[in-house]
Amino acid sequence: MRKYFRIIVLSLEETLTYRFNFLISRFRSFISTVALVVFWQAVYGDKLSILGYDKPQMMAYVIGIAILKNFVLGTKSADLAGQIRSGELSRTLVKPWKMIGYWLSRDLAEKFIGVIFSILEIFLVVKLFNIAFYLPKEASTYLLFSVFILLSTFTYFLVSMILSVSGFWTEDVWATRWLFGIIFLEFMSGSLFPIDVLPKTLVTIFNLTPFPYLIFYPIKIWNEQLGSSEITRIFLITLFWLFLSWFVYRKLWSQGIKKFGAYGG
Amino acid sequence: MVSGLAAQSQLLTNRSGILFITGKVVRFVLYFIFLYGVIKSANGLTGFSLDQAVLFFLIFSLVDTLAQFLFRGVYRFRSSVVSGSFDLDLLKPLPALFYPVFGWMDILDAITLVPFIGYMAYFIISHGLAVSLISLAGFILMIINSLLIAFAFHLFICSVCIITLSIDYLTWLYRDLTALGRFPTDIYPNKIRFILTFIVPVTVLMTIPAKALLGMVTGWSLFVYFAFGIVTVYLSLRFWQFALKKYSSASS
């Protein structure tokens, strides 16, 4: 365990070495949150409720996006694809750790620093725009929310690893990740807006993918907008995606590593 | 010829091209459906009707895609400076800024632009959004102005790259800041609107062309905005000249 802890510390140091880039990336995150807050405030105006969301629930959704984008979707494992294509993976392979442990540690470092700074940014946004956001009334909601966040974090980690190991077979890794890991992920996970404001047909299609279970449903749980039977159903579907992602990742990794030629490495 | 070579290179890997075009179309369509649904439910957006709010989004997409199409070279400039291959570009019989800014026109954006402009023209005509021929002329002038400002932004980023060798985050910061113009900047509080108008001119870049088309900005104001665009380009060119003198060709 100590070596994985060391990887986390080194990853944090690496991130903080390039302080200017890091600060700009945080500023970008801040701007995105401000844009969403202002947009929804403009949409609501004097209205109390739109599209099934009270104003405080929508503000909680926006704040939820800011935190979960850093916690659930914060990742370094995208770099694995580049390592595969450049051959640099050889260097990582000979080190005394499990590949999945290495990338999970790197991800955890990214998530840790992302969440800390996103909380500061949210505090600033809440103060600047005087936002009232929804807090769950039931204590059990906090526990449920935490459980769902953990499940979705591991599911996304595995989905990200699957996208990266596609690098064993294709050179178009960046295009694949851009389409599935950025465009589809952003819209279908609800990390831009709640997906249930879209037409029902689209929501039904999105629900067939793992993406809505990463951000959209956890925030719906926070907002106490789901009944217990629906929460159970979503819990089972999230578990299904977690196990399926694990199985697919293991299969792809074991096949891919046999094909790995270490070109350029 | 430079654009042709860039296009050939980009189309070499068909699969990537298909994935990128699919992504761009999906992103546009889903945003459009989202905005249409939300603003329709809210009966408008801070004084703008549904059609007008959608028009702001369409014009944002137009300016953004045009800038991506024309100035994509900036995203590759850092590697050119770091590897030293910028030296070779400087030897070519073209202005020094040509390759950094225009050296990699994005053909994939050009492919999506054609149907997009067709749809935008249809939307404007079918919803009667162009007030008059004068407003249409004002709109075209302001689109040209937006491209001038976008050019100035990109050239500024290239200049910073020569001095600091670090631009990746600046280009993404530019994208995030301009994304604030996805909706009319009138929705932002006064202090932010001031910043978006006078410090980072997102308002002039994205909102003013739509307002010109809707007849909300006319006459001398258009010329003031155009003069602002010219001054921005001038300052950016001066900074580029300054940065070029700092270029040490250290990597080659």
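Colleague: Does Cys158(B) count as buried or exposed?
Modeller: This is a predicted model, in which local features need pLDDT of at least 70 and side-chain atom pairs count only at pLDDT 80 or more, while totals for chains, interfaces and linings use all residues. Residues are numbered from 1 along each chain as its sequence is written, chains are lettered from A and ligands numbered from 1 in the order in which they are written, and side-chain values use heavy atoms, with hydrogens and water left out. Relative accessible area sets the class (buried under 20%, exposed over 50%, partly exposed in between; 1.4 Å probe, protein chains only). Cys158(B) has a relative accessibility of 0% and therefore counts as buried.

Colleague: What area is buried between chain A and chain B?
Modeller: In contact terms (heavy atoms within 4.5 Å), 34 residues of chain A meet 33 residues of chain B. Buried area is the accessible area, taken with a 1.4 Å probe, that two parts lose on being put together, summed over both. Carbon and sulfur atoms give 80% of the total, which is about 3100 Å².

Colleague: Which residue of chain B forms a salt bridge with Arg28(A)?
Modeller: The rule asks for a side-chain nitrogen of Lys or Arg within 4 Å of a carboxyl oxygen of Asp or Glu, and between chain A and chain B the count is one. In the bridge made by Arg28(A), the closest N and O atoms are 2.3 Å apart, and the partner is Asp176(B).

Colleague: Which element of chain A gives the most to the side that touches chain B?
Modeller: Helices here are DSSP runs (H or I, at least four residues), numbered from the N terminus. Those giving two or more residues to this side are helix 2 (19-44), helix 8 (173-188) and helix 9 (200-206) of chain A. With 13 residues, the element that gives the most is helix 2.

Colleague: Which residues does Ser105(A) touch, apart from those up to four places away in sequence?
Modeller: Ser105(A) lies in helix 6 (residues 99-129) of chain A. Its relative accessible area is 5%, so Ser105(A) is buried. The residues that Ser105(A) touches are Tyr4(A), Ile7(A) and Ile8(A).
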